[in-house]
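Reader: I have a structure to look at. Please take me through some of its residues, one question at a time.

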Amino acid sequence: MSWLYSHRTVYGALMRLLYGRHLSARLAAASAEVPAGCDVIEVCSGDGRLYRDYLRHKPVRYEALDLSPQFVGWMAEHGINARIFDVRSEALPSADVIIMLSSLYQFQPEAASVVERMVEAARVRVIITEPIRNLSESRNPVLRFVARRLTETRSDAFGQDIHR
């Protein structure tokens, strides 16, 4: 896993840099689609910003699922229901709403099966956001290389990239 997913402050700063003024609008739009009183699972929750800034005061039951032990540990220490979870190999728990924000690109070329599993597990709706332009698919080879390394996750203990 990339060092980016070990440093919450660096991760947050990079998200702010990548999305700029649109970051808050994207999170607010996703939050607006979450009905009050429902069970919510956020897959690839990162540092839990959606919950911290938008869902915490909404009457929902929230669970963050993420592969980063550092992010999950930090969220748990701050009272957020979070656990380590690998969406590639674990069965998604059922929930009213399942959310994935800006992470689907990491599952190429198996993204369709991830979406299918999310749809099967969701009782009400699935919310997925992805940027129109993703730096990991840039035509610039240097930018593409850096973006892929910064957002790298591993598919198994042998360290194979899921980007390929």
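Reader: Where is Thr 129 found?
Author: Keep in mind that this model is predicted. Strand S5 covers residues 122-129. Thr 129 is found in strand S5.

Reader: Is Thr 129 buried or exposed?
Author: Its relative accessible area is 16%. Buried means under 20%. Therefore Thr 129 is buried.

Reader: Which side chain makes a polar contact with the side chain of Thr 129?
Author: Leave out residues up to four places away in sequence, and Thr 129 touches Met 100, Leu 101, Ser 102 and Ser 103, as well as Arg 26. The polar contact between side chains is at 3.3 Å. The partner of Thr 129 in that contact is Arg 26.

Reader: Which strand does Arg 123 lie in, and what is its relative accessible area?
Author: Arg 123 lies in strand S5. Arg 123 is partly exposed. The relative accessible area of Arg 123 is 46%.

Reader: Which side chains make polar contacts with the side chain of Arg 123?
Author: Arg 123 touches Ser 94 and Ala 95, among others, not counting residues up to four places away in sequence. Another, of 3.0 Å, joins the side chains of Arg 123 and Asp 96.

Reader: How many Å apart in space are Arg 123 and Cys 38?
Author: In sequence, Arg 123 and Cys 38 are 85 residues apart. In space, the value runs from C-alpha to C-alpha. That value is 9.9 Å.

Conventions:
Residues numbered from 1 in each chain as written. Predicted model: local features only at pLDDT ≥ 70, side-chain atom pairs only at ≥ 80, totals over all residues. Heavy atoms only, no water. Helix = DSSP H or I, 4+ residues; strand = E, 2+ residues; numbered from the N terminus. Buried < 20%, exposed > 50% of the residue type's maximum accessible area, 1.4 Å probe, protein only. Polar contact = N/O pair within 3.5 Å; in protein donor to acceptor, adjacent residues only side chain to side chain. Contact = heavy atoms within 4.5 Å.
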